[in-house]
Amino acid sequence: MKIVDIKPKPYIKLRIIATLIDYGIYFAFFYTYVTVFNQSSTPGVSRVDGMMALPVFIVWFLYFVVS
């Protein structure tokens, strides 16, 4: 049986930080959008549905898939 040392990639920490920054940007957009375009009349509840929810998915697709 051959034992091989697995060496970590040299830039794995930078990739983790970049991923956290990317999702931080997306969640900041998501939170801001849902707060601004809130359709719920109940206090403490935020809701966006129907066509108003479409920009959330479009931004996700453009940010993570297209770019």
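Hi everyone. Let me begin with a term: a nonpolar patch here is made of residues with over 30% relative accessible area and no salt bridge, whose nonpolar side chains are joined within 5 Å. Please keep in mind that what we have on screen is a predicted model.

Now, which residues make such a patch in this structure? They are M51, L54, I58, W60, F61, L62, V65 and V66, and together they give a nonpolar surface patch of about 780 Å². Let's pick one of them, F61, which sits in helix α2, residues 54-66. Is F61 buried, partly exposed or exposed? Its relative accessible area is 43%, so F61 counts as partly exposed.

Next, let's go inside. In soluble globular proteins, nonpolar side chains tend to be buried together. In our model, the largest nonpolar core has 6 residues: Y26, Y33, V34, V48, A53 and V56. Helix α1, residues 12-36, supplies the largest share of this core, with 3 residues. Take V34 as an example: once we set aside neighbours within four places in sequence, V34 is in contact with S46, R47 and V48.

Last stop: S40, in the loop between α1 and α2. Would you call S40 buried or exposed? Its relative accessibility is 18%, and the cut-off for buried is under 20%, so S40 counts as buried. What does the side chain of S40 reach? The backbone nitrogen of T42, at 3.3 Å. S40 also touches V45 and R47, again not counting residues up to four places away in sequence.

How values were computed:
Residues are numbered from 1 along each chain as its sequence is written. This is a predicted model: local features need pLDDT of at least 70, side-chain atom pairs count only at pLDDT 80 or more; totals for chains, interfaces and linings use all residues. Side-chain values use heavy atoms; hydrogens and water are left out. Patches are made of residues with over 30% relative accessible area and no salt bridge: like charges are joined within 9 Å, nonpolar side chains (Val, Leu, Ile, Met, Phe, Trp, Tyr) within 5 Å. Accessible areas come from the Shrake-Rupley method with a 1.4 Å probe; for residues, only the protein chains shown count as cover. A salt bridge is a side-chain nitrogen of Lys or Arg within 4 Å of a carboxyl oxygen of Asp or Glu. Helices (H or I, at least four residues) and strands (E, at least two) are DSSP runs, numbered from the N terminus. Buried means under 20% relative accessible area, exposed over 50%, partly exposed in between (1.4 Å probe, protein chains only). A nonpolar core is a set of buried Ala, Val, Leu, Ile, Met, Phe, Trp, Tyr and Cys residues joined through side-chain atoms within 4.5 Å. Contact means heavy atoms within 4.5 Å. A polar contact is a pair of N or O atoms within 3.5 Å; within protein, one must be able to donate a hydrogen and the other to accept it, and residues adjacent in sequence count only if both atoms are side-chain atoms.
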